[in-house]
Amino acid sequence: MNAVSYAAQAVPADWPGGYWWHWLFYTVVIIVFVLVMVMGAIYIERRGMGRMQLRYGPNRTGPFGLLQPVADALKVLLKENIVPNVADKIVHWLAPVIAFTPVLLIFAVIPFQNGALLTDLNIGILFIVAVSSISTVGVFMAGWGSGNKYSLLGAMRNVAAVVSYEIPMVLAIIGVVIFTGSLSTGAIVDAQDIPFILVQPLGFLIFFIAASAEINRSPFDLMEADSELTAGFHTEYSGMKFAMFYLVEYAEAIAMSAIITTIFLSGWRGPWLPPWLWFIIKTIIVFFVMVWTRATLPRVRIDQLMALAWKFLFPAAVINLFVSAIEVLVWPDISQWIFVGVNIAVAVIAIGVGTKMFKPGWGKVAV
Amino acid sequence: MIPYQLVWAIMLLPLGAFIVNGLILRLFVNRKSPVYGYVTIGAIGLAAVFSVWALISVATNSEHLIAVPDVNWISIGTFNFHIGIMMDQLSALMVVVVSVVSLMVQIYSLGYMHHDEAGYYRYYTFMSLFTFSMLGLVLADNLLFTFVFWEMVGLCSYLLIGFWFHKPSAANAAKKAFIVTRLGDFGFLAGILILYFNTHTFDIAQLHSLAVAGVLGGSALTWACIGLFGGAIGKSAQFPLHVWLPDAMEGPTPVSALIHSATMVCAGVFLVARTMPMFVFSPEAIRIVAIIGGFTAIFAATMGLVANDIKRVLAYSTISQIGYMMLGLGAAGWAIAAEINSGALMGSGEEIIIIAKAAVAVGMFHLFTHAFFKSLLFMAAGSVNHATGTFDMRQMGGLRKTMPWTYVTFLIGSLSLAGIWPLAGFWSKDEILATAFTSQPVLFWLAMITVFLTAFYMFRAIFMTFHGEYKGGDPAADKKYAHTHESPWVMVAPLVFLALLAIGVGWWNVTGGFSSFMGHEAEAGHGFMAVFNIFTHTVNGVPLPLISLLIALFGIFAAYVIYIKKWITAKSIGKFFGPVYDVVRDKYYFDELYENVIVKIGLMKGLFTGFKLFDEKGVDGAVNGTAAVVVRGGKAIRQAQTGQLQLYGIFIGIGLVIITVCVLIWGM
Amino acid sequence: MTTALSAKEIVSKLSAEFPDAVKEAGADSVLVKSASLPAVTEYLKTADGLKFDYINYITAIDYYDYFEVVYMMTSTEYNRSVTLKTRCETRNRPTVPSLAGIYQGADWQEREVYDLMGITFKGHPNMKRVFLWEGFDGHPLRKDWNK
Amino acid sequence: MQFKFFGIGMLKGLAVTILHIFRRPSTSQYPEQRLNISRRSRGNELIWDREKCTGCATCAKACPQGVIEIVTSTDMADNKYKVETYRVDTGYCIMCGLCVEACPYDALYLGYSFEKAKYRRGEFVQTNDELKESPQRPASGYFHPDIAKKLPKQTLLIEKATEKRK
Amino acid sequence: MIGLTHYLVLSAVLFCIGLYGALTRRNAVIILMCIELMLNAVNITLVAFSSYIVPQLLTGQVFAIFVMVVAAAEVAVGLAIILAIFRHYKDIDIDNINLLKW
Amino acid sequence: MGQAAAFWIMAVVIVGAALAVVFLRNVFRAALLLILCFIGVAGIYITLSADFLAAVQILVYVGAISVLIILAVMMTRGGMQTGNPSNKLRIPAVIVGAALLGILIYAVTTSTWSISMQEPLTDTTAPLATQLFSENGYILPVLIGATLLLAAILGAIVITRENPGNKENKK
Amino acid sequence: MTTTQEISLQTEPFVLNMGPLHPSTHGVYRMRVTLDGEVVLDIEPMFGYLHRGIEKLMEERTYTGCIPLTDRLDYASAMGNNLAYCVAVEKLAKIRVPERGEYIRVITAEMIRIANHCLAVGSMLNDAGALGTPFFYLWNEREKLYDLFEMLCGQRVLHNYIRIGGVSQDLPDEFLPALEKFVPQLHKFINEFEFFLKQNEILIARAQGVGVLPKDVALNCGISGPLARASGIKRDLRKDDPYSVYDRFEFDIPTAENGDCYDRYRVRMEEMKQSLHIIDQAIKKVPGGPFRAKVPQIIRPPAGEAYGHIEGPKGELGFYLVSDNSIAPYRCHIRSTSFINLTALRQMVKGWKIADLIVIFGSIDITMGEVDR
């Protein structure tokens, strides 16, 4: 029993050309997918936000400005690479790489289509959560390694936020896992005759919020809050390394959208269209919702961020988990449509009660 | 046949109301909003419907039982603990009593608490919690759960007596009630523990069969039963722990109507009834039950004679009537115990349990009827208070004209309580008298005197309240209550409904229906005419029903003579019985006894001083001595400490190496 | 309409309170001795019927012979204003008592005057330059600066 | 953050932003899409009419920046000043228009154009004939209502906005 | 072929490195990190035993999970103590914090 | 073969990173290398077919514990200036460590282990859950562990919270 | 939210140098912020990066020639500065302005108030992290106003429109119709904007109770304008000391009680409504006649001194002028609103988080050109 053969178990046996071809193929697919989707995401975000703000957004480079991300990438790659004098050079160098790797790893367990994924680990979801927590390391390496106080503040915020938001996020996922009985992403998609967004509305909401916070999307983009910390942890980055962080930011958003699609929106399943297209469409829709909230909401403060995690999302996630567990335990064989109604009611009540009882804590401290 | 889920629902619906009211609704709704009331009433109403259904199901069921699957709660090692529901005749009866009375009280409270400053929120939240606890108490199938709910009803009682906690008297009464009942609860807990250590089970059904099988017996059973009865004394305000109940009238009147007349205070009776198959194997215990019951009945009735506060009159009456029920249980049980002792009662364990369970029919029937008319009386008193602003009967009078509905219902309740044919109280009381008569004549005579006293003080209350001239209501309220008027329909409607019940429920047992429901063999059919045949009915050759009815009528007449016609004035009687009157008026000095003698002298001066001495000399001496030795030793050893943790770590490492080497060399 | 409190009125009040504080009363301004300025201001701020609780501005004018420091206060309660003036005759390190303890708003404005006009305010907690950097040569708003 | 309104406040905001997607953006695509500037535009060229100028130097006095320099010689024939040099350092000009306002003979105009960049500082200093009006250097209607009338009407964002609503 | 012994030796090496660090370093945070190394070494042993000796029972993995729980608790409390000490002394040098002495 | 390669790579990474943690002077880098070491241990778990445990290792150690440690490192910057000095116990510590290592290796290599011939379970999640939560499993230790965590959290909060009565060491 | 917590996890304070070039310092402004983690322990404002010596420059210019300099004070509301200066000079030289001129002044002053508040609210929300959207919406409206200013005086930002004794040019013919179109459209926009953000929980969380400026502190610091009105000081020079023809209009002074950032935002939004109300009335009442009194290009006011102040968009904006009967002011002191309003910043931000510092700073609404002069 070794690592490789173990991993080999997880892939479909009938892949033509055997197992290495499978790896090669999907590695390429993932990298291409991530890069293309990131460019698409940047385009969608800039155009979408532009339109929401009464502007056009980029529309000069290429048809409809479609080549704008390419132009930006080209520009940023050609820029001078500046490393501050006081920076911890090695850490400064490694940070973008370490931040980027886990994002690619996440896609290893995301099914693009039925069975079409790098490896269907039976701990898939746990793998995602575990791996995505590594990219935090990259962020605080960047913050520390830059030797800049803004960066350090951003990194500390990130550390605090990630540690807090991982908990409601995992709890929200467990709500789904209770229903599927498996951690494998493929099995989760298979189990979704009804998209889990309906069965687990509260879980979806919690996961969405926690995911936005974890990947620093507005309104939780405290780590790079440009009006406060200029650019947070990547203040001191330029050129290629900045491009990496930029890539990470959007790749993480895409990854989270893909995860949400897989877990809550029944992944690649859908009528009429080919499954991979469904997957991409759903991913883009989720991403668009992120853009939409980003264009609308002001940023929360760090203590409010933490309070939201601990005082609102955490109890809500526990309630969600509790309700789900009871449902699965007591009525294992009942149609999930009944849970849809019940859980939506639970979600509404939990949100209503939670919002009423939620107090963000102290703003001011005595100094 | 009711589905078992609905049996759970009976208990859980009020809990749901509690959660909705207490945790959710408060966030959205003003605390004075009647929505809280609607939620509670809805939940309890549904529970009442299910209860009645359950009762019918139990009655029509050949086994008189609804099987409800257990829920496994904790399983630690061999210790398995289940949450279960026991739905037999007793539970079904109690469930109906609790839910129906509670429903009526909640409806009534909508009107009664309307002007209260505290609002509906807290009130209905507590009331829902109480109803849940009470239902849980009667439904629990093991003693541990009974105890949990027992304490919960105690808590609710505490909260509700102290509902107007800003009044010092209410706060004190709440504390008093809580502490006094706690005394009894120690007994209860001790009883449960004795039972558990002897049988390793809390399950009531198992305990019954163990008791019958003789596994559980002897002094352990006796002490356990006495312990349980101790709990019952506390909760049911029996002598000598009766002192809290009159003070508990500081709470809102609907609370008194629900908790302190119909349900919680009867929990003691219920507990004794529930464990009756154990009691019958312990003649000492059952005798104590009967004696205390009989004594309390007359003892409390005398105090009721002189109270001026209408609610206190009713409170003493409650104590007295519960004494009656205890007497009924005790007398019936005494008889069976005697039979078992003498070996007259033969049969398998199952049959003995059934007989023992059936023995509670007499007491329980009185509980059943009493619940309706006593809560009716309390609510009518509340209605009076609503109109006059006071509970002092000397400030009332003549309300008959302005409050006809209240008057009529109160009258029905009083007649029922006094045991006037053909109202409910007559039938239940008659049963108790008959049972006592056949088994314990002494107790029977106590009960007979009580009949007279009961009729007398109830009609004293009626005459003082409803007849004569109106004396102006609450003197402190500055003419606010100068003109009385009938209470709103939300208050009157429950009164009327309960009045109908107070008239009618007694007929259930006229033909022995209730007894057979409780497990007695069905008597030969008398038909409906039995209602009238009762006067010719004799027990051991004595026309008992007729005598008791006459005595009650004589009591009414006496009251009429004194308070309406004033042929004999109350004053002159008071003068005549001077010292006795004083003693009775001061409640036999029980409060003073507890306060001054037991607490101040017994506890504070005696016990606590002893503790203190022991603590100072014994414990401290030992501790200080030990410490001194250690200090001296430590002073010598501490030179080896550098305070550097890592040095210690090195030592540990060295030790580890040495141990490992030793193991390697010698261990293999 | 914010009416300027007529100098006569205020002078009469002030001379009753501080007999030798007022040097000269203009049409709508009062010239007080610099030594008694804090006392006068404190009085103006707190006295009944005056309550000049809001300071509009502090500035200084270079008249070659002397510097004139001008204060204008407004009473939000009575909607009236008053202009106080004081003079320092020397060009070398002119000094005026500070009002920063009385009006918090005077803090930075006095620093500004110090920065640009070179008048030191005695008793100011933090008498540093505001706009110009430390080590700037001279005080630019003086008429003889850079000539 | 107290959710006083159960998060409805945020949902309202989201509704507003999503609806803006369907509105026409108010940006104009500059080089292709040119809006008419104000008729009174104070553009970045100063135009001097040699014919009307009498060399009174009122403009030079009015200029707060002191960028106008006039050298005159007396023309004995007409008993008039003759303007030898009229030099403006437009690099220092702040387009305040005070000179135009001050000119008693309407001999000065502000330019209408706004895209005149120069490559060298020296080119900012314009003298005499460089200051004349020409098709490349149209005059603005600032303080010259007669010129203003001939210029095209200004494109207003507000008119675009109110038109669209119809 | 890699056998149980390899894992055990690796674990022993890791443990001894951690032990050495915990015994010699003066920075409290580093000491905490070294303790984490030791705990990880123990975990490797447990999982290796579990995998090689009772492969179907996973008992060792269960214990590894408990070790992780303890480690998490230890880090939380340990770091809290370090922060409290730091706040008090402005220093996290173990040698200077010898309050345990007497 | 694959397992061997993976093992050796991981072993080198782990030992190297652990040595670096102990000997590096820069505390922040030491913390980063600690993370590397943890990831290596997760890799070792995978070679032992403990996939769930590997994920939990990364989640707990990398995601939480080392992040906390780095947070502490950032917060105690004053202590950072001194770096990572050693105390006077180096020589005894080396002796103890080496002795322990030698004995352990001796013990490990000389012992005979009753190695089972069965294949390890591959999908460990469900069996682990059964082990932990089932009736005959480790439910009581799980509860105790939960209590321990709760106590630890409360303890951490109490310790780091400034004593309200103790004002003199505040600015 | 407003309750104060004892600082619980104290770490080493560290000093962060914010500015002079920072995305949200509204120009070249610098704060030396002492932080404990995220908590602001103290700030030390430092400015002067934009100091151009305008007061000194004015001593060298004619009275009219000073007007373009006032544009450059608070470049977000140049029209207000023009007006304040001209009011002061007219007071000094005792010049009366014709009716039409006064009405035009009122219209433009209120327009610039709206434009300024658009900018103030927008940039405050931008600082709160709303990533441009509200900013762009408000900016769009401000552009429409600037269109109108461009039509009026030829430039969008540095207007240089108001002259001593009136205004420089009469209204163009198409101006009033365009303005009439603008007023209802802006009303509509404000309603939509209120829908957009008024109840936004995050904004409330970020702004309500944050940076409270108590009434007495505000008064003591000499705070004026919306900042003071948000703290409950009902003082507005348009009512209290009416200049121009403000006494002929009906309008309210919006005030708030708490003095936090949210109240400042609210007060500004309400003031925009009131300004629209004034413009509405003024459009209907604009009389004919001359728009400018006969004032020579170069005036020599009699020797003396005058203080003219107006209720600028940011607060009391005053010019203290001393004349020695020459063509240039002998001394001109500018009571710059932003500078004095900044006085209270230190008190407002102490104990708040660094993110609040930005929002509080944004809510004060300063322009560095006016602070540094």
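Trainee: What average pLDDT does chain C get?
Mentor: Chain C of this predicted model averages 81, and 93% of the residues score at least 70.

Trainee: And which element of chain C has the lowest mean?
Mentor: That's strand β1 (residues 3-4) of chain C, with a mean pLDDT of 66. At the other end, strand β4 (residues 54-62) of chain C has the highest, 87.

Trainee: OK, switching to chain F. How many residues does helix α7 have?
Mentor: Helix α7 of chain F has 22, running over residues 139-160. From first C-alpha to last, α7(F) reaches 31 Å, close to the 32 Å expected at 1.5 Å a residue.

Trainee: Which of its residues are buried?
Mentor: In α7(F), the buried ones are F:V142, F:G145, F:A152, F:A156 and F:T160. They cover an arc of only 75 degrees around the axis, so they sit on the same side of α7(F).

Trainee: What's on the face turned away from there?
Mentor: That face of α7(F) carries the exposed residues F:I144 and F:V158.

Trainee: Now chain G. Why is strand β7 largely enclosed?
Mentor: Because six of the eight residues of β7(G), residues 304-311, are buried, the rest of the structure largely encloses that strand.

Trainee: Which strand is joined to β7(G), and how does the pair run?
Mentor: Strand β8 (residues 316-323) of chain G, through eight bridges; the two run antiparallel. In that pairing, G:G304 stands opposite G:S323.

Trainee: What's between the two strands?
Mentor: Four residues, making β7(G) and β8(G) a hairpin. In the turn, G:G315 has a positive phi of about 145 degrees.

Notes. Residues are numbered from 1 along each chain as its sequence is written. Chains are lettered from A and ligands numbered from 1 in the order in which they are written. This is a predicted model: local features need pLDDT of at least 70, side-chain atom pairs count only at pLDDT 80 or more; totals for chains, interfaces and linings use all residues. Side-chain values use heavy atoms; hydrogens and water are left out. The expected span of a helix is 1.5 Å times one less than its number of residues. Buried means under 20% relative accessible area, exposed over 50%, partly exposed in between (1.4 Å probe, protein chains only). The arc is that of the directions from the helix axis to the C-beta atoms. pLDDT is the predictor's confidence in each residue, from 0 to 100. Two strands pair if DSSP finds at least two bridges between them.
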